[in-house]
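Here are my notes on the model you passed along. Have a look at it first, then read on.

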Amino acid sequence: MEQITILEGRENHLFEKKTGAVQPDISCDTSSLSGSVSQRACVFCGSRVVLYPVADAIHLVHGPIGCAAYTWDIRGAVSSGPELHRLSFSTDLQEMDVIYGGEKKLYHSLIELIEQYKPKAAFIYSTCIVGLIGDDIEAVCRKVANETGIPVLPVHSEGFKGTKKDGYKAACHALMKLIGTGDTDGISKYSINILGEFNLAGEAWIIRKYYEKMGIEVVSTLTGDGRIDAVKRAHGASLNVVQCSGSMTWLAKEMEEKYGIPYIRVSYFGIEDMSKSLYDVAKEFPERPEIMEAAKQIVSEEVKQLYPSLQKFKKALTGKKAAIYVRCIQDIFTHQGTPFHRHVGSTCRITDRQQGRLRTPQGDV
Amino acid sequence: MLLRHTSKEVKEREGLTINPAKTCQPIGAMYAALGIHGCLPHSHGSQGCCSYHRSTLTRHYKEPVMAATSSFTEGASVFGGQANLLAAIETIFSVYEPDIIAVHSTCLSETIGDDLQQITRKARDDGKIPEGKHVIFASTPSFIGSHVTGYANMVTGIAEQFSVSTGTKKNQINIIAGWMEPSDMREIKLLSKKLGVKIVLFPDTSNVLDAPQTGKHVFYPKGGTTIPELQSTGDSLFSLALGSISAEPAAIALEKKHKVAFETLDIPIGLTATDRFIMKMSEVANVSVPDEITDERGRLVDVMADMEQYLYGKRVALFGDPDQLLPLTEFLLDLNMKPVHIVSGTPGQRFEKQMRQLLDARSPETNFRNGLQADMFLLHQWMKNEPVDLLIGNTYGKYMARDEDVPFIRFGFPILDRIGHSYFPNVGYSGALRLVEKLLSAIMDRQDRDALEEKFELVM
């Protein structure tokens, strides 16, 4: 087989499982090397994907046109109501704006947008160039918020400031400014926020339905099928349930610190993880055993339906080796419970806890 | 519906762009560089830019698109990106082994003032460019022009930095491809062969972005204009630039540097533009037009005459890039259709003037706008005010087509949800025939769908 050389400085980003050898942790979450053929995105992209499913807000990209064009409807996040998030808004910065500053253009764009769409809030994303020319986005946002009466939130997502993960954090910062500004009256004691679920193909609807069937109130989904009013009152929930931990753990921790809301991590991929998620949430409400009973009922019904059809696949796939190349480590866990011998995985963002989960007898990384 | 947020009332906007009908310069530079054999495009900026361009091109072509990035950090953005580019050049030549690195800048590297010429010179002086290998560059800040001008800048860079004149003229003609698909470039080569004219076509993405499945992945597919071909462009008899925005600047560069005379034509889309191309080729190369081509033309004219009744008076909205919109509009007019709204995000007075001229002569009431705020939102508003029978544009048009319930033909860049554009040409007589077929199918399918029982016809 042809040997491929590993880029210098990237040796620790790959390892081969060898019997008896010490297995170091895989390196990750660093910028690409200069000169590499990379598919890694930027800080801005991280912020954009996390925030954009909020469907009744406008998402204005302050920068040259490309940043807005390439992230237009970037992940197909679906909404059950308004779809403002699927439009592409840009200040389309020109050479003169780069020289003289883009604040005026940003101000006018915001006023025009808010007048046109009457959104519940506005997110303003800074791009590389805005970070360089030093537009005071905070000041413009404050001014527009005062004039229009809606929250206008800057997202500090200059592309060069780190990796996509830093963009997640910038997005969470913006969300934190909204959380705590809504009325929490009437929220049940048995309530949660769903964090890190983006409703790309309607998953948030399925998951929400499970929890509601268990008798749990879902205060907000961050951010799949998201609504500003729901985000504002997210601090009224009793528990945060975090799925995409890479993007939302920071927010969960902040909410724990500021509002005393505990959080748990879950995964909705595969039968095992999905069931465990429902049980884990039920365990957080021990004073109401009906919740656990309902969870068991849901799992039993779903598995009964699913199990027979899975047997066909199992028969066909048992013993096969699979090469897995993913961006998000959660995808690898999808294959838990499948008969594959997982052979290769590669990812950009991986947490220590996920490293541990990967080292099973069944899988090589 | 997705675009129910679009209001009918058109208001002048001061800064805002909604649903852009363009994207930024670097992706054009990347696309152009892929048309050079053994070339790895390189994006001198943040790592995100490179990924966006690669993924958009990959989605458009369903082919892996290779390109490298300088991967700017905060430090590079403060202290300049020279160290990143020098390191990148070293990494690329040792790991990916291209013959050429084609560097394009981004808004970030331009604003901090990186000088690509100086950095590449330093790379050469420091011995970072191996013998026989090349690094070329083009300046493509995202805050100027559009993807189309970015393409033009890289094609100009290619012409300027490779061409040499030996003092002996070569019996060949340069054809500088404006932004077109690999299928179009293949067709241009085929037509030239039929005419018996030796050409150097650049860039040439055929056999790069429409490469056949061989069971083996290669980093540099067999297509693309070669270095010796590019070097020989300085000795050519003549240059034909296909497209005044995307191709002419390179022809000007060759004229300045090597006194190669040139003429600019439209991209040969449609009957008349193809006629001009064929006649010009026959004139400058002093060849007669073979029957094979005349017959191709005849078949197109026959179909146009047979089916004109279905196209006559049909109202069309179109958006896209200047060099395609001009001949396409002309072709629609030749088919007796009515271009009602035309939008291009690409700025520039040259294009504005050319389009106005065409419209003033043949369709003065057409709404036309290009440049800032000439976006799909405006087009959609226009469509709400003056409805159309057909929409033509890139994939993003599907939202408007669905919202307004009009037939939609995918044309331009990017097309993210269908195939065909990389395999079947739009240029030449056969390309025009394909366009007519598409127009007819779109309109007649709709007629069938909406026909009352008694008007639902077997023979049309």
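The points below go from chain A to the interface and then to a helix pair in chain B.

1. First, a caveat to keep in mind: this is a predicted model.

2. Chain A overall. I count 14 helices and 10 strands in chain A. Of its 365 residues, 49% come out as buried. If you look at contacts in chain A with a separation of 6 or more, 70% of them are between residues 24 or more positions apart.

3. The open sheet in chain A. Four strands make up this sheet, in the order S6-S5-S7-S8, and the pairing is parallel. S6 (217-223) and S8 (263-265) of chain A are the edge strands, each pairing on one side only. From one strand to the next, the twist averages 20°.

4. The S8 end of that sheet. Strand S7 (residues 239-242) of chain A runs parallel to S8(A), and three bridges join them. If you want a residue pair to click on, Val242(A) has Arg265(A) as its bridge partner in S8(A).

5. A helix on the sheet. Helix H8 (residues 203-213) of chain A lies across S5 (191-197) and S6 of chain A. Relative to S5(A), H8(A) runs at about 160°.

6. The A/B interface. Chain B and chain A each put 49 residues into the contact. On the chain B side, the elements giving two or more residues are strand S1 (17-18), helix H2 (47-61), strand S3 (68-69), helix H3 (74-79), helix H4 (82-95) and helix H5 (107-111). H4(B) supplies the largest share, eight residues. By class, that side of chain B has 23 nonpolar, 20 polar and six charged residues.

7. Strand pairing between the chains. Within S1(B), Ile18(B) is the bridge partner of Phe89(A).

8. A helix pair in chain B. How do H13(B) and H14(B) run relative to each other? Their axes, for residues 322-334 and 349-362, come within 10 Å and cross at roughly 5°, which means that H13(B) is roughly parallel to H14(B). H13(B) makes the contact through Pro322(B), Leu326(B), Thr329(B), Glu330(B) and Leu333(B). From H14(B) come Phe351(B), Gln354(B), Met355(B), Leu358(B) and Arg362(B). Sorted by class, the contact residues are six nonpolar, two polar and two charged.

Terms used: Residues are numbered from 1 along each chain as its sequence is written. Chains are lettered from A and ligands numbered from 1 in the order in which they are written. This is a predicted model: local features need pLDDT of at least 70, side-chain atom pairs count only at pLDDT 80 or more; totals for chains, interfaces and linings use all residues. Two residues are in contact if their C-beta atoms, placed from the backbone, lie within 7 Å. Ala, Val, Leu, Ile, Met, Phe, Trp, Tyr, Cys and Pro count as nonpolar, Asp, Glu, Lys and Arg as charged, and the others, Gly among them, as polar. Two strands pair if DSSP finds at least two bridges between them. Axes are lines fitted to C-alpha atoms, for helices over the stretch in contact, and angles run from 0 to 180 degrees between N-to-C directions. Angles under 35 degrees count as roughly parallel, over 145 as roughly antiparallel, 65 to 115 as roughly perpendicular and the rest as oblique. A residue is buried if 20 or more other C-beta atoms lie within 10 Å of its own, exposed if 12 or fewer, and partly exposed in between; C-beta atoms are placed from the backbone.
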